[in-house]
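Colleague: I'd like to learn how to read an interface between two chains. Can you walk me through one?

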Amino acid sequence: MQHVAVPHAQPQQRQFNPYSENGGTILAIAGANFSVIAGDTRQSEGYSIQTRYAPKVFRLTDKAVLATNGFAADGNMFVKKVRQRLEWYRHAHAKDMPLRAIARLIQTMLYARRFFPYYVYNILGGIEEDGSGAVYSFDPVGSYEREACRAAGAASSLVQPFLDNQIYFKNQTPAPGTTHPAHLPLSHVLSLVIDSFTSATERHIEVGDGLEIYVVLAKGSALQGLDAIQGLSELTTTDDGERMFVIRRNLKRD
Amino acid sequence: MSIMDQNGGSVIAMVGKDCVAIASDLRLGNQALGVSSNFQKIFPVTDRIYLGLPGLATDVTTLKERFRFRVNMYTIKEEREIEPETFAHLVSSTLYEHRFGPYFCEPVMAGLSKTPSGGYKPFIAATDLIGCLNFAKDFVVAGTASEKLFGVAEGLWEPDLEPEDLFETISQTLMNAVDRDAYSGWGCVVHVLTKDKVITRTLKGRMD
Amino acid sequence: METSFAITGKGYVIVAADTTSARSIIKMKSDEDKIKTLSPHLLMAYSGEPGDTVQFAEYVERNIRLYHIRNLYALRPSASAAWIRRALATSLRSRKPYSVNLLVGGYDTSEHTPHLYWIDYLGTMSEVPFGAHGYGAYFALSLLDRYHDPEAPLEEGLATLRRCIDEVSKRLVVTPGKYKVKIVDKDGVREVEL
């Protein structure tokens, strides 16, 4: 019998982290008869930029746009699954799912993964059945709320208080005998969105490169000066429904 | 839980046209519990220099006392008032003395420095907790709401604001930033320094 | 659990502290006086790590007394509080910091004003209209936000304090039994029974 010196086996631990964080910021603002959904296009991991153009804002239907932020792989997969469910809905009901129903669908889909969540913050924007502009914001496990505006992602803490001030007029007292407007005109909203992203780009390393702003106009509403905006292209497919546009802009690349 | 977030609080300083402004919240907390709604974090150093000290409250008080002592010694030895630039370096070296066991404060300074022609030039600066100076040309922020302050200030600030417009800009920036921060708020105070006077106002805002 | 409150009113400060002295889960004593009289018009309620508390309080007491003897007048409340704070702040960065929380209440005989200082073991100090330490603070502070009046006469101040004590007895799981209540005003320091 031979004695072989066996080194004592040390306990070993292995770990796999299924998540990562890809930076960027998204933002949506609802108007009276329009909705604006925007996001930057930088995708990063740590200090490295993976790509300068990775869209985070996706068209779902003729009147719904979904912006996703957080873990890009989860975001893309989630959008894919939402689109699949919307297609099944079209086959079953021969019409697009209404916005509020899409919002509830997203909640259900997110909560279904309560214990292995999609690591994504979602903002859904579009036009409600009554023709009003709407924004729905979600947390990764499906808590959601309809709001007038919302910022999410890496620079949300920079942008949200600015929006509180400029959209909700927080800490501003209206002149005697007047009230603050409940909804802002489209041109004003677009300037705020652009300002928000230029500010976020200036102070946050994970924000920059490109900006995509989706604009959804309610049925029969005027362009409201949208045609004068540079970098605009129309995505509308029908000629009697909501109109959808995208504005593509450059942001600083440093 | 970071030691810098123990007591909460935020400070911001901004440059205007021939004027500067510095503002802070008034909260003193113990983690989530609010203890005082009248805790001053901004202190006059001379008639033309104000110093904001957000961070760990015990060090806020200690540093306030320490800077008062060192500025008084400077004034006696030099037989003149300290200039903002000089004071900024005094702050920096005082903090760096404690490089490996720092005071947990991030000072923010605002002042008007004398020019050779006899006028006054706006001056702002901030340092980190070990005294790394940041001489910004527009605005500086520090404290638990610093990210929010950066975001709002970057959106609202513009060059060459007159004293009253600068007051409005810094007030709106501070209030909207601290309203999104659980550790800052509970009242605000703003100082606007011009060549011939200092305007100090306490703001009426949300108290939650 | 250790609890202490203090409130200011018209020309007075009331300081109250529970009288239990505990080692972990055992109540060792139920008539401990945790409010020291530092000078004719100055009170200090102390709580925290057993051992540190008495040691630090006596250190403060003797130094304030020494100042009084040397100068023939007592150190004013604001200066006393600043000195005590400094002692804690220095101690914080020493090898073994004192773990003591304080409420320093005094009557300034030259300005004829009451003063109250909330001080914690880190050396954090703030002048407050009312203050509290321990778990009781979570109940007392919100209650005092509602009922405190800086211009209230003494009877009203004591009634407000009573509310704080009752609320803590009602809602806190581990309730302190008795409280010692002391008042400082223009006539000096005195103890009262609630």
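Modeller: Between chain B and chain C, eight residue pairs are in polar contact, both at pLDDT 80 or more. Keep in mind that this is a predicted model, where local features need pLDDT of at least 70, side-chain atom pairs count only at pLDDT 80 or more, and totals for chains, interfaces and linings use all residues. Residues are numbered from 1 along each chain as written, chains are lettered from A in the order written, and side-chain values use heavy atoms, without hydrogens and water.

Colleague: Which elements give two or more residues to the side of chain B that touches chain C?

Modeller: Helices (H or I, at least four residues) and strands (E, at least two) are DSSP runs, numbered from the N terminus. Here they are β3 (28–30), β4 (33–36) and α1 (57–78) of chain B. α1(B) gives the most, with six residues.

Colleague: How many salt bridges does the rule find across the interface?

Modeller: A salt bridge puts a side-chain nitrogen of Lys or Arg within 4 Å of a carboxyl oxygen of Asp or Glu. The rule finds three between chain B and chain C. One pairs E65(B) with R86(C), at 3.4 Å from N to O.

Colleague: And how confident is the predictor in the complex?

Modeller: It gives an ipTM of 0.96 and a pTM of 0.95.

Definitions and conventions:
Polar contact = N/O pair within 3.5 Å; in protein donor to acceptor, adjacent residues only side chain to side chain.
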